[in-house]
Amino acid sequence: MKLFDVYPLNDIVIDKAQGSYVWDDKGQQYLDMYGGHAVISIGHTHPHYVKRLEDQLHKVGFYSNSVKIPLQVQLAQKLGEVSGKEDYHLFLCNSGAEANENALKLASFYNGRKKIVAFTKAFHGRTSLAVAVTDNPNIVAPVNQTGNVVFLPFNDEVALEKYFNENGNDISSVIIEGIQGVGGINVANDSFLQKIRSLCDEYNAVYIADSVQCGYGRTGKFYSQDFSGANADIYTMAKGMGNGFPVAGISIAPKLKAKHFMLGTTFGGNHLACAAALSVLEIIEEDALMQNAATVGSYLIEELKKMPKILEVRGRGLMIGIALPDELKEVKKNLLFKHKIFTGESKPNVIRLLPALSISKKEADLFLKALKSELESE
Ligand SMILES: Cc1ncc(COP(=O)(O)O)c(C=O)c1O
């Protein structure tokens, strides 16, 4: 059997990883400014993370959600503390798409409505409802198409208010990334998120904050939507939550009440996943990683803004987009193959930085130096 060929691959095999570095099978070292797509939050193979997973594996790796799993309770408690949402409730699942799927479903159970408001350039995942609220027709199969979703212009308060005034009583939920990732690092304005909050309150719709990529401390706050000061009803999270172990969740405001069997999963919240997620939160707290993300992120953004050929620098903390002109489309490739630095990308020509939250200023400088030399040589 061969692999189903859905990914354009770089000809690199990663064999070893530590902190903000990875090595290929020939021993070549790379600086990881991509974090395996925003997944590596506390750094690769952090010793506390490795030990907690190892210890857990020796005790029990998995048992189903038909029994009490105290690790889930500990995780909910810790997540409440670190995220500052102690009165919220946690439902655990396995991926970002699944988190959004459950959030949209829960919202619809809550108010009995069907319409969902999403925004231009949004990416929320590839399963049925998650892809239906994703603004990319190329990945929406005919079976995923639904008349229940409307896409409004991102950050357009007037359009949002108008839509609510005309359809408010049919709207189940509004879903928005605090910073659009796949869409090219576009920051939702604080006033836009406040407007979503107030309209959702007025019409009893549910505000869903997709924090799958922009959450888990990456911006210097736990959820990037926190910058607005307006609480969401549901936060969805995944990527950084397990530092590579597949674990995801939704943090649910107290007004949304649970009923037995309304949501469920086989693998979600298993013992190993909880051990991974707990160790991540412990390290975020102990090593003050949110503060580090804010400090090193601001430093990177300031330095990038000084570079003349860059069209625009967008983002917050360690979620940064560097928009380059068309003629500089080789830069990302050269960073990887010449300078041995992994970065992410968005269309049309945006370099995305999503490094581990533990990245040092020295490592940030290595990236800045390489980018500078690349921009000067073009
Ligand atoms: C904002 C956002 N939401 C949801 C997802 C989907 O997550 P997953 O690939 O874990 O299903 C992603 C993945 O890139 C994302 O960036």
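Predicted model: local features only at pLDDT ≥ 70, side-chain atom pairs only at ≥ 80, totals over all residues.
How many residues does helix α7 have, and what distance does α7 reach from its first C-alpha to its last? Numbering runs from 1 along each chain as its sequence is written, and side-chain values use heavy atoms, with hydrogens and water left out.

Now for α7: residues 190-203 make up this helix, 14 residues in total, and it reaches 20 Å, close to the 20 Å expected at 1.5 Å a residue. The expected span is 1.5 Å times one less than the number of residues; helices (H or I, at least four residues) and strands (E, at least two) are DSSP runs, numbered from the N terminus. Buried along α7 are F192, L193, K195, I196, R197, L199, C200 and Y203, where buried is under 20% relative accessible area, exposed over 50%, and partly exposed in between (1.4 Å probe, protein chains only). These buried residues pack against β5 (115-119), α6 (157-167), β7 (171-177) and β10 (206-210), with contact taken as heavy atoms within 4.5 Å. Just after α7, N204 takes a positive phi of about 55°.

I196 of α7 turns up again in the largest nonpolar core, which has 83 residues; F119, I196, L304, I322, F367 and L371 touch the most other members. The largest share of this core, 10 residues, comes from α8. A core here is a set of buried Ala, Val, Leu, Ile, Met, Phe, Trp, Tyr and Cys residues joined through side-chain atoms within 4.5 Å. Setting aside neighbours within four places in sequence, L304 is in contact with I310, V313, I320, I322, L353, F367, L368 and L371. There is also a second, separate core of 24 residues, with F91, V133, I250 and L256 among them.

Y216, in the loop between β10 and β11 (234-237), has a positive phi of about 60° although it is not a glycine, and at 3% relative accessibility Y216 is buried. A288 also isn't a glycine, and its phi is positive, near 50°; A288 sits in the loop between α8 (271-286) and α9 (289-305) and is partly exposed, with a relative accessible area of 33%. In the loop between β16 (344-346) and β17 (350-353) lies P348, and the peptide bond from K347 to P348 is cis, with omega near 0°.
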